[in-house]
Amino acid sequence: MLWLDLEGAVNVRDVGGIPTDDGEKIARGRLLRSDNLQNLSPTDVNFLVEHVRLSTVVDLRSPAEVTSEGPAPLTRIDRVLHVNHSLLPEHGFAATAEALLVRRKREEERYPGDPSCAHYLGYVEHRPDSIVAALRAVNRSAGAALVHCAAGKDRTGVVVAFALTVAGARREDIIRDYAATGERLDRILDRLRRSPTYAGSIDSVPEDHHRPRAETMEAFLEQVDKRHGGVLNVLGSNGFTDDEFDALHRKLRR
């Protein structure tokens with residue numbers, strides 16, 4: 001894992017270097033994944049813009065989260081494009097413990113064996129438009145694109161898994177990349193507990209429930225295959241064209 005150790009974010013990494021099915025690797029400096037960028041320092045911003053050549057930020061949080069957290073430091077950089085494509089239903093984000101428990105109960109009925117997997121399947125069922133839009137933003141990015149949500153684990157994990165699948169990454173390594181967030185989980189949760197937006201939801205379940213498990217991403221991708229005909233079919237059925245598939249593949253591999 002190519003971790004980027006920043007002062008104001010703790011789950012930032014470049015997915016470059018991940019092996020592909022044909023024996024190559026994902027290119028570095030094309031796609032980054034991260035937790036919330038709200039607390040980036042001036043040094044962090046300079047590093048991302050000048051060294052990493054970041055040109056696009058794809059924010060997967062809901063509009064309510066974005067409003068609650070307020071402008072992040074990178075939003076003041078004109079040369080960095082920001083797009084917001086929420087993976088949550090349009091009614092918005094409810095951070096209360098009661099609302100989260102109701103939502104989780106409904107999701108568990110979708111895939112009883114793994115609540116997180118059920119949650120991810122909800123993204124595919126309810127917001128494929130946002131997944132497609134996020135990948136289009138990565139495609140259009142002149143420099144590096146960074147995809148993030150609050151923790152950089154769930155919503156980010158799904159979109160990055162889709163991008164890596166299009167690029168031909170080996171499934172076992174897509175799963176490994178997802179699970180790597182567990183190495184930073186304590187720091188991620190500490191950050192979220194300090195935010196009024198997320199503090200109420202973090203401790204509504206045992207801490208270990210937040211830990212990303214390789215089995216969850218494995219089950220999710222298998223269920224996408226069984227229920228939806230695979231990642232490529234989900235994207236194609238929602239308007240992602242052959243030219244866009246080719247462009248994203250080239251971007252992440254060249």
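The count of aromatic pairs comes to 5, where rings of Phe, Tyr and Trp (its six-membered ring) pair if their centres lie within 6.5 Å, with planes under 30 degrees apart called stacked, over 60 edge-to-face and the rest tilted. The rings of Y120 and Y178 have centres 6.1 Å apart and planes at 80°, so this pair is edge-to-face. Y120 belongs to helix 4 (residues 115-126) and Y178 to helix 7 (residues 171-179), so the pair links distant parts of the chain, 58 residues apart. Helices here are DSSP runs of H or I with at least four residues, strands are runs of E with at least two, and both are numbered from the N terminus.

Before going further, this is a predicted model, in which local features need pLDDT of at least 70 and side-chain atom pairs count only at pLDDT 80 or more, while totals for chains, interfaces and linings use all residues. Residues are numbered from 1 along each chain as its sequence is written, and side-chain values use heavy atoms, with hydrogens and water left out.

Are Y120 and Y178 buried or exposed? Y120 is buried, at a relative accessible area of 0%, and Y178 also counts as buried, at 2%. The cut-offs are under 20% relative accessible area for buried and over 50% for exposed, with partly exposed in between (1.4 Å probe, protein chains only).

Strand 6 (residues 144-148) pairs in the parallel sense with strand 4 (residues 54-59) over 5 bridges. Strand 6 also pairs with strand 3, again in the parallel sense, over 4 bridges. What is the bridge partner of R33 in strand 6? The partner is V147, and V147 is also the bridge partner of V58. V57 is bridged to L146.

In a regular strand the side chains alternate between the two faces of the sheet. In strand 6, A144, L146 and H148 point one way, A145 and V147 point the other way, and all are buried.

A nonpolar core is a set of buried Ala, Val, Leu, Ile, Met, Phe, Trp, Tyr and Cys residues joined through side-chain atoms within 4.5 Å. The largest has 48 residues, and I26, V58, L135, F162, L164, F220 and L235 touch the most other members. Helix 6 gives the largest share of this core, 8 residues. Another core, of 17 residues, lies apart from it and includes A9, L37, V80 and L146.

R53 lies between helix 1 (42-51) and strand 4. Leaving aside neighbours within four places in sequence, R53 is in contact (heavy atoms within 4.5 Å) with L48, R79, G143 and A144.

Conventions:
Two strands pair if DSSP finds at least two bridges between them.
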